Amino acid sequence: MIISASRRCDLPAFHGEEFMAALRAGAIDVGHPFRPRAARRVSLRRQDVDAIVFWSRDVRPFLRHLPEVEERGYPSVFLLTLTAYHRPLEPAVPETGEALAAFRRLEQAVGRQRIAWRYDPVLLLPGLDAGFHMANFARLASRLAAHAARAIVSFFDPYPAALRRLRRAGFDPAGASGSPRQQAELLAAFAAAAAREGMGIQSCAEDAEGAAVASGKCIDEEWLNGLFGLRLAYRKDPGQRALCRCQRSVDIGSYGDCAHGCLYCYARR
């Protein structure tokens, strides 16, 4: 079993203490995303967990727990998001310099091969046009290549709640996902920037792929197998979108309790 911690919230940033208490206890109760009272007990015993995939925009609060996770023998990888957008869109995420420093600290603790950088979502708005993204991605890639083995890129999905938040904040989200042509051009530029830095690149749940960017998996059994000598066979996660290729996992987070406040977030209530 792969534990996803978590697509639904930034568990490393806001729930590290609760996670560690559950790890020590060997189990965690997880509510149903749409029926909160329908809780499920998920085993966190080492013999039941193949690997843990941590998702975060601010891993700093969790760094002090890493030695214990490592000592307990849990294989883990980290998917860290950094987009460096304007503050109104991301009101409470770490400043870019702080986020870059966190990548460095994590890489020193676990190694570059266990870290992936998520440039997600690619959001096309006034002030965040294609030229901005090409330059922004290249700038970040040059700073992150020493600390993350791969980049994962994904375009904005127009969830109704995210669209409402953007409009209320004065943004016009029409065309925010980009046309297929825009997406292909951006992916080609991202691939070139990643190649210059010696960084792998993949897309996430996209069907408008540039020739140089293959569709990948954020939760990737091949990545885990290669890192930790596992023998996980591929099983697509049935709970994810049709275009998502992620390996099946059990998510232990809860929607709606992330304090980063990003306007475009699908998991924010």
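Which elements each supply at least two residues of the lining of the second largest pocket? They are α2 (16-25) and β2 (27-30), with β2 giving the most, three residues.

This is a predicted model, where local features need pLDDT of at least 70, side-chain atom pairs count only at pLDDT 80 or more, and totals for chains, interfaces and linings use all residues. Residues are numbered from 1 along each chain as its sequence is written, and side-chain values use heavy atoms, leaving out hydrogens and water.

Back to that pocket: its volume is about 170 Å³. A pocket here is an open set of points on a 1 Å grid where a 1.4 Å probe fits, with protein on both sides within 12 Å along at least five of seven lines, and lining residues have an atom within 4 Å of a point. There are 13 of them, and His 15, Glu 18, Ile 28, Ile 252 and Ser 254 lie nearest the centre. Here's the lining by class:

| Class | Lining residues |
|---|---|
| Nonpolar | six residues |
| Polar | four residues |

Now for helix α7. Residues 180-196 make up its 17 residues, and it reaches 24 Å from first C-alpha to last, close to the 24 Å expected at 1.5 Å a residue. Gln 183, Leu 186, Leu 187, Phe 190, Ala 191, Ala 193 and Ala 194 are buried in α7 (under 20% relative accessible area, with exposed being over 50%, 1.4 Å probe). Seen down the axis, the buried residues of α7 fall within an arc of 165°, so they line one face. Turned away from that buried side are the exposed Arg 181, Ala 195 and Arg 196. After α7 comes Gly 198, with a positive phi near 70°.

Note on methods. Points joined across faces, edges and corners; volume = space filled by probe spheres on them. Helix = DSSP H or I, 4+ residues; strand = E, 2+ residues; numbered from the N terminus. Nonpolar A, V, L, I, M, F, W, Y, C, P; charged D, E, K, R; others polar. Expected span 1.5 Å × (residues − 1). Arc of directions from axis to C-beta.
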